[in-house]
Amino acid sequence: MSDGSENAIRLSGLGRDYGDRPALTGVDLELPADASLAVLGPNGSGKSTLLRILATLLRPSRGEVSVLGTELPKDAWKLRGRIGYLGHQPMLYEDLSGRENLEFQARMYGIPAAEAKARIDADLEVVGMGRRAGDRVSDYSAGMKQRIAICRAVLHRPRLLLLDEPDSNLDPEGREAARSLIGHPCDLGWESDGPVTRVVVSHDPQGARAEADQVLELRIGAAA
Amino acid sequence: MTPSRQAFMAVVGKDLRIELRTMRSLPAMVLFAVTTFIIFRFGLDRTALSGSLASGVVWTTLLFAAVLGINRIFLAEREEGGFDAFRLAPVDRAVLFAAKAAVLFLYLAVLELIVIPVFAVFFLQEWSGLLPLIVILMATNLGFAALGTLISSMAVNSRARDLLVPLLLLPLVVPLMIAATSATAPLLDVGGPSYDKFGTWLLVLGLYDGIFCLVGYAVFDFLLED
């Protein structure tokens with residue numbers, strides 16, 4: 001972990017409403033670069049909303065948000081390509097194969113073809129999907145989709161990993177395999193162009209605390 | 001940022017690959033158009049059509065066949081998380097508009113390549129107007145593609161998208177249809193094509209295309225926001 005002089009994420013009074021209903025209220029946070037943050041809380045406490053705000057997929061209703069030195073939502077475009085986001089949905093096209101999905105992702109992120117192929121091959125082997133990568137995603141089990149989705153989230157070697165229950169649908173072997181792709185920044189088997197910061201939403205407090213440098217607990221509509 | 005041309009080609013290639021694999025849009029559009037021609041054939045009880053009636057039959061059929069394709073153009077993006085993936089990528093968002101419009105344009109071109117000969121066999125005694133008709137078809141397709149992509153992106157997040165697309169599209173497409181049918185009618189006259197006001201209507205089509213391409217380019221970024 002860094003000495004904390006540079007914060008990868010800084011939140012002050014962050015809030016988000018859906019219509020009249022507040023989903024997130026008064027969240028303050030300072031997270032250094034190359035640290036891992038666990039976000040805990042019951043259903044409906046705004047964990048996924050927080051992650052989507054950090055990913056620039058949602059606009060905050062109030063408060064200040066700075067991610068990798070970029071003010072959101074004003075300069076959100078500057079963050080594009082620097083975030084690896086793994087949400088509830090695997091964001092994979094069902095009628096393409098796992099490999100085709102990753103190749104499409106690589107082209108969208110401007111990764112040179114040779115480098116993309118090397119990364120895709122390596123990452124697929126890591127998550128144990130090398131042999132099934134040519135099958136259509138619609139033929140995969142939920143766990144297999146999650147493995148490909150993990151490869152998709154890190155293919156462009158992002159500076160910020162935003163992971164919404166990354167272990168969901170994964171068997172113990174899959175969880176272990178995924179660690180070198182989406183584990184603690186110190187354990188990652190790939191390099192980015194700077195320190196990698198990780199935010200994980202989890203429903204497993206014990207497991208999440210064990211590998212997190214900081215914990216943010218959310219209650220319904222507010223930070224604890 | 002990823003070069004726009006690379007991202008454009010990636011999206012177009014992905015959509016065409018999925019369509020070739022699943023055949024979800026084009027066969028339905030073709031089947032609809034051919035069935036409609038058959039209904040017109042027996043409904044009108046005419047073995048030959050010409051002029052404005054022929055033009056009306058062609059464009060009514062193509063318009064409603066196009067709606068089928070327009071309804072589905074963003075469906076994979078919506079249902080499989082493609083919108084979020086695109087919003088995270090370092091790509092100019094107008095690229096998605098351009099790529100989807102290009103895919104829709106190609107669908108319409110393939111549709112016409114199949115169904116216009118069917119129309120000619122069913123209804124036309126004089127085929128020489130079909131060659132200049134290609135120019136009108138392409139100019140109208142561009143307008144359909146730009147407006148259709150715009151409308152589809154607005155409606156796709158609604159549960160009532162199947163209803164919203166025609167409701168929003170049909171009033172806006174009226175000027176395009178007036179220009180297209182007016183330009184087509186003289187081409188399908190009995191005595192062979194005449195080019196009365198052909199240039200004027202082509203100019204109207206070009207203006208319409210230009211306006212909706214620009215509007216789409218300008219507002220698409222906002223339509224992708226949460």
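## Crossing of two helices

A crossing is right-handed if the near helix is turned clockwise from the far one by less than a right angle, and left-handed if anticlockwise. In this predicted model, the crossing of helix 3 and helix 7 of chain B is right-handed.

Helix 3 of chain B covers residues 51-72, and helix 7 of chain B covers residues 130-155. They pack at an angle of about 45 degrees. Their axes are 9 Å apart. The two helices are therefore oblique to each other.

## Residues at the crossing

Helix 3 of chain B brings B:Ala66, B:Ile70 and B:Asn71. These meet B:Phe144, B:Gly148, B:Ile151 and B:Ser152 in helix 7 of chain B. By class, this contact has 4 nonpolar, 3 polar and no charged residues.

## Chain B as a whole

Chain B has 9 helices and 0 strands. Its radius of gyration is 18 Å, close to the 17 Å that the globule rule gives for 226 residues, so chain B is as compact as a globular protein of that length. The C-alpha trace spans about 55 × 35 × 30 Å along its principal axes.

Of the 226 residues of chain B, 46% count as buried. Take the contacts in chain B between residues at least 6 apart in sequence: 85% of them join residues at least 24 apart.

## Where chain B touches chain A

In all, 22 residues of chain B are in contact with 22 residues of chain A. On the chain B side, the elements that give two or more residues are helix 1 (4-22) and helix 5 (82-88). Helix 1 of chain B gives the most, with 8 residues. By class, the side of chain B that touches chain A has 10 nonpolar, 5 polar and 7 charged residues.

Key. Residues are numbered from 1 along each chain as its sequence is written. Chains are lettered from A and ligands numbered from 1 in the order in which they are written. This is a predicted model: local features need pLDDT of at least 70, side-chain atom pairs count only at pLDDT 80 or more; totals for chains, interfaces and linings use all residues. Axes are lines fitted to C-alpha atoms, for helices over the stretch in contact, and angles run from 0 to 180 degrees between N-to-C directions. Helices (H or I, at least four residues) and strands (E, at least two) are DSSP runs, numbered from the N terminus. Angles under 35 degrees count as roughly parallel, over 145 as roughly antiparallel, 65 to 115 as roughly perpendicular and the rest as oblique. Two residues are in contact if their C-beta atoms, placed from the backbone, lie within 7 Å. Ala, Val, Leu, Ile, Met, Phe, Trp, Tyr, Cys and Pro count as nonpolar, Asp, Glu, Lys and Arg as charged, and the others, Gly among them, as polar. The radius of gyration is taken over C-alpha atoms; the globule rule is 2.2 Å times the number of residues to the power 0.38. A residue is buried if 20 or more other C-beta atoms lie within 10 Å of its own, exposed if 12 or fewer, and partly exposed in between; C-beta atoms are placed from the backbone.
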